[in-house]
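Please consult the sequence and the model alongside the text.

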Protein chains: 2
Amino acid sequence: MASISGFPEFLPQGRFVEMRAIDIMRSVFELHGFTSIQTRSIEPLSELSRKGEITKEIYAVRRLHADAGTEETWGLHYDLTIPFARYVSEHAGHLSFPFRRYQIQPAWRGERPQEGRFREFWQADIDIVGQSELGFHHDAEVALVMMDACTQLHQQMGIPPVLMRINNRALIEGLYTGLGIDDPLPVIQAVDKLAKIGESGVRKMLDATGVDKDLQDKIVAFAGVNSTRGDVEEQVRSFGVTNDLLERGVRDVMALHSTVSQSYPSQVVVDAKIARGLDYYTGSVFEIELQGYETLGTISAGGRYDHLASDGKNAYPGVGVSFGLSRVLVPLISQGGLTASRCVPSAVLIAVDSEEERHKAEEVATVLRERGISCEVSPNSAKYGKQIHFAQRRGIPYVWFGSVQGQVKDIRSGEQIDADAHRWIIDDIDLSPQIIPIGRNC
Amino acid sequence: MASISGFPEFLPQGRFVEMRAIDIMRSVFELHGFTSIQTRSIEPLSELSRKGEITKEIYAVRRLHADAGTEETWGLHYDLTIPFARYVSEHAGHLSFPFRRYQIQPAWRGERPQEGRFREFWQADIDIVGQSELGFHHDAEVALVMMDACTQLHQQMGIPPVLMRINNRALIEGLYTGLGIDDPLPVIQAVDKLAKIGESGVRKMLDATGVDKDLQDKIVAFAGVNSTRGDVEEQVRSFGVTNDLLERGVRDVMALHSTVSQSYPSQVVVDAKIARGLDYYTGSVFEIELQGYETLGTISAGGRYDHLASDGKNAYPGVGVSFGLSRVLVPLISQGGLTASRCVPSAVLIAVDSEEERHKAEEVATVLRERGISCEVSPNSAKYGKQIHFAQRRGIPYVWFGSVQGQVKDIRSGEQIDADAHRWIIDDIDLSPQIIPIGRNC
């Protein structure tokens with residue numbers, strides 16, 4: 001009956017914070033014309049196992065009383081991208097392209113639990129997928145939509161401000177091939193771990209793939225290229241490589257930087273070490289971190305993929321960003337003190353004089369609810385002092401006494417006034433629980 | 001890449017219907033002071049296997065690359081009651097009792113797929129749990145809250161109206177023990193299947209538990225007791241049984257009927273065959289069906305349980321009702337034609353004159369979004385006719401041309417007017433997709 005490590009659960013106030021964050025993201029995504037979908041929690045293991053590295057973390061699922069010797073054929077999805085790609089190719093005939101969707105769901109990974117890593121975690125993803133083609137301007141669009149969502153989380157909930165790092169796979173692969181590296185993927189996956197394992201760790205991984213010391217120096221130097229001013233081109237030129245892939249990468253990453261920085265001038269950086277380890281990215285890549293909470297790592301990431309989904313007849317190029325809801329909220333709620341002003345939705349407790357009079361309290365509640373005011377009737381008819389204490393413990397701001405024409409007490413100020421449940425005015429701020437930002441006491 | 005039987009997924013319009021249903025239920029539950037919680041998807045198999053009958057349907061979960069020979073220790077939860085009971089005993093120190101929560105989440109059962117049964121399905125549960133004690137008036141409360149939710153689904157979405165059948169375990173057990181049946185549970189579980197397997201099927205099950213023909217006649221006759229008028233008492237008296245349990249049952253079921261029928265006079269029936277197969281119910285039991293859609297079976301059910309949760313020190317008596325969201329929505333959407341007026345949230349498509357002018361369209365979109373109007377910018381700068389067709393295919397009602405001071409066309413009427421994005425008024429009904437009720441064409 002104890003908690004299971006890596007499967008976080010919120011108490012009611014934390015859950016309220018989580019719902020508010022989800023409501024904000026949903027609202028931003030819908031304002032930008034993204035449609036909600038949900039995919040089933042399981043996928044065939046054959047689909048889940050195609051993406052290399054991550055295979056070992058899959059949770060397999062099978063009927064407990066399946067015939068002995070039956071192998072698992074399904075696993076819980078470990079992200080929302082693979083299921084979305086499958087959804088698109090399965091339902092393509094019923095979708096209109098470019099298809100813009102958001103998806104807010106849990107995913108599962110059988111990782112060893114560690115700081116900031118969970119085995120069940122919520123993600124909020126947006127993607128735009130085209131049929132056969134998808135304009136490059138959508139790369140900037142998804143980046144801007146996610147920045148808008150992060151900005152709303154900051155302004156409405158006090159979630160720390162974000163920094164977006166951008167790069168382009170064409171730039172990386174163009175440079176690596178120009179340096180004579182035939183298979184860039186293992187190098188990309190090594191450099192992707194730079195923040196985690198440091199330069200010496202990366203060099204060790206490069207040793208293992210047979211990259212010599214001289215080339216390692218250049219790879220490490222290139223990973224150091226970054227700029228907030230869009231002057232990436234000259235830094236890249238210093239490596240003396242020229243090819244079409246590199247030129248496309250330089251042009252695209254600068255165009256992306258230019259568009260995003262118009263709206264978020266101090267919050268976007270070109271950073272050549274950003275690569276994303278997954279092999280399906282083919283162009284722009286993004287990573288977002290929380291300013292002042294860099295130890296939480298990358299809280300949102302994504303990029304362009306030209307070949308993830310395909311149904312034989314059509315390819316479905318896409319671009320998307322994933323936001324780690326649990327990754328952000330679990331530490332901010334459990335350690336950062338992000339919370340809500342009360343642990344129940346009720347704004348009013350209706351006191352009960354005696355069990356015979358309970359129906360009168362129910363009448364008051366019905367009138368208030370018809371006016372959109374959340375309330376609950378006292379579970380017992382104890383002395384008023386005890387009923388007020390019941391409200392206090394839950395953070396309910398008002399207690400109602402008597403009938404529909406009765407009295408209402410603001411238990412914070414102690415002020416008690418005559419009131420008619422049909423007409424009583426409640427402050428907007430008291431109508432639903434409020435977010436208490438990080439570091440401010442309730 | 002094909003659909004997996006029993007794991008339903010909605011297209012965007014169906015998902016919109018589902019979200020609207022969830023929003024309505026959430027709103028009703030919060031108006032009644034219920035707090036949202038979510039529990040993790042997995043529980044220890046030892047917890048899940050305690051409840052008998054259902055064990056065979058559990059999906060076991062384990063890391064795909066767990067050491068060979070490792071047994072599964074976790075399973076996906078098959079309802080939201082067991083995880084909630086665990087949540088309460090685990091977090092009791094941080095909760096205030098009586099604790100009122102709602103929970104809207106998927107659950108999983110490894111059933112053979114059949115009409116109306118799913119292997120992954122969404123439920124919406126409400127429960128009120130007390131510490132050591134919980135007043136009987138909460139039984140009527142949860143019944144009324146669920147009836148309120150069903151009524152809102154009917155009024156706002158055209159979901160068919162419901163009928164609630166109520167009974168009481170004390171009445172059943174009192175009668176059975178009065179008839180000389182020592183272990184009533186197998187009899188309860190047999191009678192619970194009456195609607196599914198008919199009288200002869202029930203008699204076969206009773207044969208197997210050694211109940212003689214004479215007693216079977218009485219059991220079947222008792223299962224026929226039902227009343228919309230609250231005259232259950234005389235029907236029960238005709239069996240000539242008297243004991244404390246029976247008296248409590250008669251009193252409680254009549255009190256519950258009286259309270260619920262005050263608000264829903266023609267929608268609540270006392271029905272002695274309603275028992276719920278699960279062994280944890282100890283008092284009131286409820287079942288809800290859709291009027292005119294009785295073939296969908298029970299779409300919502302619940303009851304009183306005095307001993308489900310316990311942490312050694314305290315017992316946590318509770319009462320709750322579960323609503324089968326997938327059970328209702330999947331057939332109504334896939335066969336009943338319940339749908340939405342468009343497949344995207346966007347109310348406006350902003351036309352693009354040329355790729356060089358795309359930024360002007362983006363400016364219009366930004367102004368509209370700041371005013372809470374969902375919109376999207378055309379993915380290309382094709383001829384206006386093609387861009388209008390793009391909007392039509394998605395059901396987007398308006399297309400905007402030009403700059404912030406531009407023109408807007410209602411593509412249904414063809415009317416086009418000069419408009420300023422800062423001031424243009426959109427009808428509320430066009431702001432977000434509307435539900436198209438069952439049987440009415442789009």
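P98(B) is situated in the loop that links α3 (81-91) to β5 (99-108) of chain B; helices (H or I, at least four residues) and strands (E, at least two) are DSSP runs, numbered from the N terminus. The peptide bond leading from F97(B) into P98(B) is cis, with omega near -5 degrees. In chain A, P98(A) is placed in the loop between α3 (81-91) and β5, and the bond from F97(A) to P98(A) is cis, with omega near -5 degrees.

This is a predicted model, in which local features need pLDDT of at least 70 and side-chain atom pairs count only at pLDDT 80 or more, while totals for chains, interfaces and linings use all residues. Residues are numbered from 1 along each chain as its sequence is written, chains are lettered from A and ligands numbered from 1 in the order in which they are written, and side-chain values use heavy atoms, with hydrogens and water left out.

**Backbone geometry**

Most residues other than glycine have a negative phi, and most peptide bonds are trans.

| Site | Backbone value | Location |
|---|---|---|
| F97(A) to P98(A) | cis, omega near -5 degrees | P98(A): loop between α3 (81-91) and β5 of chain A |
| F97(B) to P98(B) | cis, omega near -5 degrees | P98(B): loop between α3 (81-91) and β5 (99-108) of chain B |
| S132(A) | phi of about 70 degrees | loop between β6 and α4 (137-157) of chain A |

S132(A) counts as exposed because its relative accessibility is 53%; buried means under 20% relative accessible area, exposed over 50%, and partly exposed in between (1.4 Å probe, protein chains only). S132(B) likewise counts as exposed, at 52% relative accessibility.

**Strand β5 of chain A**

Strand β5 (residues 99-108) of chain A is mostly covered, with 10 of its 10 residues buried. In a regular strand the side chains alternate between the two faces of the sheet. From β5(A), F99(A), R101(A), Q103(A), Q105(A) and A107(A) point one way, whereas R100(A), Y102(A), I104(A), P106(A) and W108(A) point the other way.

Strands of a sheet pair through backbone hydrogen bonds, either parallel or antiparallel; here two strands pair if DSSP finds at least two bridges between them. β5(A) pairs in the parallel sense with strand β1 (residues 35-36) of chain A over two bridges, and S36(A) stands opposite Y102(A). With strand β6 (residues 120-129) of chain A, β5(A) pairs in the antiparallel sense over 10 bridges, where R100(A) faces I128(A).

Chain B holds an open sheet of nine strands with mixed pairing, in the order β1-β5-β6-β12-β11-β10-β7-β9-β8. Its edge strands, each pairing on one side only, are β1 (35-36) and β8 (226-227). Within the sheet, β6 (residues 120-129) and β12 (residues 315-324) of chain B are antiparallel and share seven bridges; I126(B) has V321(B) as its bridge partner in β12(B).

N167(B) belongs to strand β7 (residues 162-168) of chain B. Its relative accessibility is 1%, so N167(B) counts as buried. The side chain of N167(B) reaches the backbone oxygen of A272(B) at 3.0 Å, and one of its polar atoms lies 2.7 Å from the backbone oxygen of I274(B).

**The contact between the chains**

Contact (heavy atoms within 4.5 Å) involves 79 residues from chain A and 79 residues from chain B. About 7,100 Å² is buried between the two chains, 56% of it on carbon and sulfur atoms; buried area is the accessible area (1.4 Å probe) that two parts lose on being put together, summed over both.

How many salt bridges are there between chain B and chain A? The count is six, a salt bridge being a side-chain nitrogen of Lys or Arg within 4 Å of a carboxyl oxygen of Asp or Glu. One of them joins R100(A) to E376(B), with the closest N and O atoms 3.7 Å apart. Helix α1 (residues 12-31) of chain B gives the most to the side of chain B that touches chain A, with seven residues.

The chains also meet through strands: β3 (residues 59-63) of chain A and β3 (residues 59-63) of chain B run antiparallel and are joined by five bridges. In this pairing A60(A) stands opposite R62(B).

Technical notes. Polar contact = N/O pair within 3.5 Å; in protein donor to acceptor, adjacent residues only side chain to side chain.
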